[in-house]
Amino acid sequence: MTQALKGVRILDFTHVQSGPTCTQLLAWFGADVIKVERPGVGDITRGQLRDVPNADSLYFTMLNHNKRSITLDTKNPKGKEVLTELMKSCDVLVENFGPGVLDRMGFPWETIQTINPKLIVASIKGFGPGPYEDCKVYENVAQCTGGAASTTGFRDGPPLVTGAQIGDSGTGLHLALGIVTALYQRTMTGKGQKVTAAMQDGVLNLSRVKLRDQQRLAHGPLTEYSQYGEGVPFGEAVPRAGNDSGGGQPGRILKCKGWETDPNAYIYFITQAPVWEKICDVIGEPEWKTHPDYAKPAARLPRLNEIFGRIEQWTMTKTKFEAMEILNRDDIPCGPILSMKELAEDQSLRKTGTVVEVEHPVRGTYLSVGNPIKLSDSPTVVTRSPLLGEHTDEILKEVLGFSDHQVAEAHKSGALDPPQKVAAE
Ligand code: CAO
């Protein structure tokens, strides 16, 4: 079976997390992704948060599967020449350099268009045009400037960032969609175009429901927020809502059996209106089905703390998995708080390829998140990340048609490292 993006070649100029997540997805869908790295150094994440001496870090390996690596000093004249040839041979250039880097390298959009008018140039920056466009940005800066941090956490605590990398991986996902869309449009226009995704914009897009609530505030209190039931007045901006549900069905994180010693013995419980009567039966409050204070969703809103307190009395008598099983028999939406340890050991995620074991010649076997997007006609096989410059000669010969002599000349110029030999595979 062939893969969806087979035949598409990506010039991958990305580093750290946001860009690499995008190109990794494209590689998983079958694109030939050529990662261009600085000689001697490579992507900075290769050496960050190292757990095994001299091995590429998990940070790097988990973001760069299914790619090939070429080292190239793009500030060296020979390096620029090779880069120009690569631009001619690729369909998409993806980059997430700091603002202005590509221009300073000598490759502004106008120049790239003359090199290859069909090339799609896809970029991630921290901000779009505006006061902050020249700023460098990392994950948490994006979470803070995109509206996520101000709406995450508890009302009486500081803003919080989330462990989910919505600024980096979230924007990578946005960019990947932009790229395949531009590829589709190119099939009709024959032309490349610029695709940009700003991390602030990506985070704001994912925080969309909070901008919804910002506007609802003008028309009255946000009745599904617990502070409404607590009689705490709302201010001018959307407050932090703890674990309140962001949707129309109130929900909370509740303690389960063992919470005193297990930091993850909790369950998310949603009091979905269509199953309210079943909830009343399960928790042992059948009279709430008809009681005017509890029977209808609107009546329950000012009493959410009391209601969830009562439900929690029940969840505390069950483990999170027992509660999940009992509640799902009645179609009551809920979800146990799963630790990373539990997810790593989850056999169903292994079966679907969402969690995969990967072999690496230097670090051995490690776990990774595989492709979370499943295409029935384009299966993903996760292969290990490349060593720094592992495919330099292969790419020069196979993609650019260099002879052995030309490859030797390129190495002499100092623009590239000799390719790394894979020790034992
Ligand atoms: N050969 C020669 N030089 C190279 C090179 C290569 N192969 N690859 C990169 N460089 C050079 C660039 O030309 C640049 O040089 P100048 O500053 O002289 O123009 C230099 O490396 C630094 O590039 P950078 O600004 O992208 O890297 P940084 O480490 O200083 O900043 C980051 C990193 C992530 C803050 C910045 O790239 C950025 O803001 N990117 C956009 C937003 C983004 O994606 N952030 C998420 C990162 S993940 O949390």
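Is Asp51 buried, partly exposed or exposed, and what is its relative accessibility?

Modeller: A word on the source comes before the answer: this is a predicted model. Asp51 counts as partly exposed, because its relative accessibility is 44%, and the range for that class runs between 20% and 50%.

The charged side chain of Asp51 has a partner. Asp51 forms a salt bridge with Arg363, and the closest N and O atoms of the two are 2.6 Å apart. This pair links distant parts of the chain, since Asp51 is in the loop between β2 and α2, while Arg363 is in the loop between β10 (355–360) and β11 (364–369), 312 residues apart. Arg363 has a relative accessibility of 12% and therefore counts as buried.

With a relative accessibility of 58%, Arg38 counts as exposed. On the surface, Arg38 gathers with Lys75, Arg104 and Lys136 in a patch of positive charge.

As a general point, side chains of opposite charge can pair when their charged atoms come close. The structure holds 28 salt bridges. One of them joins the side chains of Glu230 and Arg155, at 3.1 Å from N to O. Glu230 lies in the loop between α10 (226–229) and β7 (251–255) and Arg155 in the loop between α6 (139–145) and α7 (169–189), so this pair ties together parts that are 75 residues apart in sequence. Glu230 has a relative accessible area of 38% and is partly exposed. Arg155 also counts as partly exposed, at 38% relative accessibility.

A further bridge sits within one helix. Glu345 forms a salt bridge with Lys341, the closest N and O atoms being 3.1 Å apart. Glu345 and Lys341 are separated by about one helical turn, because they are four residues apart in helix α15 (residues 340–345). Glu345 counts as partly exposed at 46% relative accessibility, whereas Lys341 is exposed, with a relative accessible area of 57%. Salt bridges can also share partners: in this way Arg9, Asp32, Arg68, Glu394 and Glu398 are joined into one network.

Arg300 is buried yet has no salt bridge; Glu277, the nearest side chain of opposite charge, is 8.4 Å away. Arg300 has its place in helix α12 (residues 297–300). Apart from neighbours within four places in sequence, Arg300 is in contact with Ala273, Trp276, Asp293, Tyr294, Ala295 and Ile307.

Thr84 is found in helix α3 (residues 77–89) and is buried, with a relative accessible area of 19%. Not counting residues up to four places away in sequence, Thr84 touches Phe107 and Ile115. Leu206 lies in helix α8 (residues 199–206) and counts as partly exposed, at 46% relative accessibility. The C-alpha atoms of Leu206 and Cys256 are separated by 30 Å, and the two residues are 50 apart along the chain.

The protein as a whole gives the setting. There are 18 helices and 11 strands in it. Taken along the principal axes, the C-alpha atoms fill a box of roughly 85 × 50 × 40 Å. The protein has 425 residues, of which 47% count as buried. Among contacts with a separation of 6 or more, 66% are between residues 24 or more positions apart. The protein exposes about 20900 Å², and carbon and sulfur atoms supply 56% of that area. As for charge, the protein has 46 positive and 51 negative charges, and their mean positions are 2 Å apart.

Note on methods: Residues numbered from 1 in each chain as written. Predicted model: local features only at pLDDT ≥ 70, side-chain atom pairs only at ≥ 80, totals over all residues. Heavy atoms only, no water. Helix = DSSP H or I, 4+ residues; strand = E, 2+ residues; numbered from the N terminus. Buried < 20%, exposed > 50% of the residue type's maximum accessible area, 1.4 Å probe, protein only. Lys, Arg positive; Asp, Glu negative; His and termini not counted. Salt bridge = Lys/Arg side-chain N within 4 Å of Asp/Glu carboxyl O. Contact = heavy atoms within 4.5 Å. Patch = residues over 30% accessible without salt bridge, like charges linked within 9 Å, V, L, I, M, F, W, Y side chains within 5 Å. Areas by Shrake-Rupley, 256 points an atom, 1.4 Å probe, with all protein chains shown as cover. Charge placed at Lys NZ, Arg CZ, Asp CG, Glu CD.
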